[in-house]
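Hi,

Here is the structure I promised to pass on. Have a look at it first, and then read on for what turned up in it.

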Amino acid sequence: MLELIESLQEIKKDIELLSGQTLSDCYQCGECTAGCPTAFAMEPVPSQAIRLLQLGKFNEVLNSTGIWLCASCNVCGERCPRGVDYGKIADALRTIVLRNKLTHLTLEKIDKQFISDAPQQAFIAAFRKYTT
Ligand code: SF4
Ligand code: SF4
């Protein structure tokens, strides 16, 4: 479980500042989730994550796997009738986790066979995105 250095009030401010998005703009139509290519594996899905953030349940979202599965493809942002870009919010959430000195990925936890099969570029990209 993520233990945050920042206070909950600071987190909301940080999410909006880092993402450039206003959480209250979302009116829960679900268009983002309907178009998201990785929503099938996300928990919570984009629209649910935003609702949880609106309700101040930051820890639930920051501790979820969903924010790490976002591929930053921007489909959600293009589909949103309110101009909310969840990809940028997920990016901000990952940044907050990493800034709190919690890396998401450690080499020791990765399956050795997977390491030998995966392309080198995948590792460089993953370690840039998932570690401090
Ligand atoms: S598409 Fe926009 S308004 Fe609709 S649920 Fe997603 S973020 Fe909210
Ligand atoms: S940017 Fe992330 S959340 Fe948005 S549609 Fe793409 S993968 Fe899904």
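This is a predicted model: local features need pLDDT of at least 70, side-chain atom pairs count only at pLDDT 80 or more; totals for chains, interfaces and linings use all residues.

A quick word on naming before anything else: helices here are DSSP runs of H or I with at least four residues, numbered from the N terminus.

Gln-28 is not a glycine, yet its phi is positive, at about 65 degrees. There is something to see at Tyr-27 as well: the charged end of Arg-82 sits over the ring of Tyr-27, 5.8 Å from the ring centre. As for aromatic pairs, the count for the structure is 0.

Another loop to click on is the one between α2 (31-35) and α3 (46-54), where you will find Pro-44. The peptide bond joining Glu-43 and Pro-44 is cis, with an omega of about 0 degrees.

Now for the helix packing. Two packed helices are described by the angle between their axes and the distance between the axes. I have two contacts for you, and α7 takes part in both.

Helix α1 covers residues 8-19 and helix α7 covers residues 86-99; their axes come within 8 Å and cross at roughly 125 degrees. That angle makes α1 oblique to α7. The crossing is right-handed. On the α1 side, the contact is made by Ile-11, Asp-14, Ile-15, Leu-18 and Ser-19, and on the α7 side by Lys-88, Ile-89, Ala-92, Leu-93, Thr-95, Ile-96 and Arg-99. Sorted by class, the residues of this contact come out as 7 nonpolar, 2 polar and 3 charged.

Then there is α3 with α7. Here the axes come within 11 Å, and they cross at roughly 60 degrees. Again the result is oblique, this time for α3 to α7. The crossing of α3 and α7 is left-handed. Pro-46, Ala-49, Ile-50 and Leu-53 of α3 make the contact with Tyr-86, Ile-89 and Leu-93 of α7. What classes do the residues in the contact of α3 with α7 fall into? There are 7 nonpolar residues, with no polar and no charged ones.

Cheers

Conventions
Residues are numbered from 1 along each chain as its sequence is written. Chains are lettered from A and ligands numbered from 1 in the order in which they are written. Side-chain values use heavy atoms; hydrogens and water are left out. Axes are lines fitted to C-alpha atoms, for helices over the stretch in contact, and angles run from 0 to 180 degrees between N-to-C directions. Angles under 35 degrees count as roughly parallel, over 145 as roughly antiparallel, 65 to 115 as roughly perpendicular and the rest as oblique. A crossing is left-handed if the near helix is turned anticlockwise from the far one by less than a right angle, and right-handed if clockwise. Contact means heavy atoms within 4.5 Å. Ala, Val, Leu, Ile, Met, Phe, Trp, Tyr, Cys and Pro count as nonpolar, Asp, Glu, Lys and Arg as charged, and the others, Gly among them, as polar. Rings of Phe, Tyr and Trp (its six-membered ring) pair if their centres lie within 6.5 Å; planes under 30 degrees apart count as stacked, over 60 as edge-to-face and the rest as tilted. A charge sits over a ring if NZ of Lys or CZ of Arg is within 6 Å of the ring centre and within 35 degrees of the ring normal.
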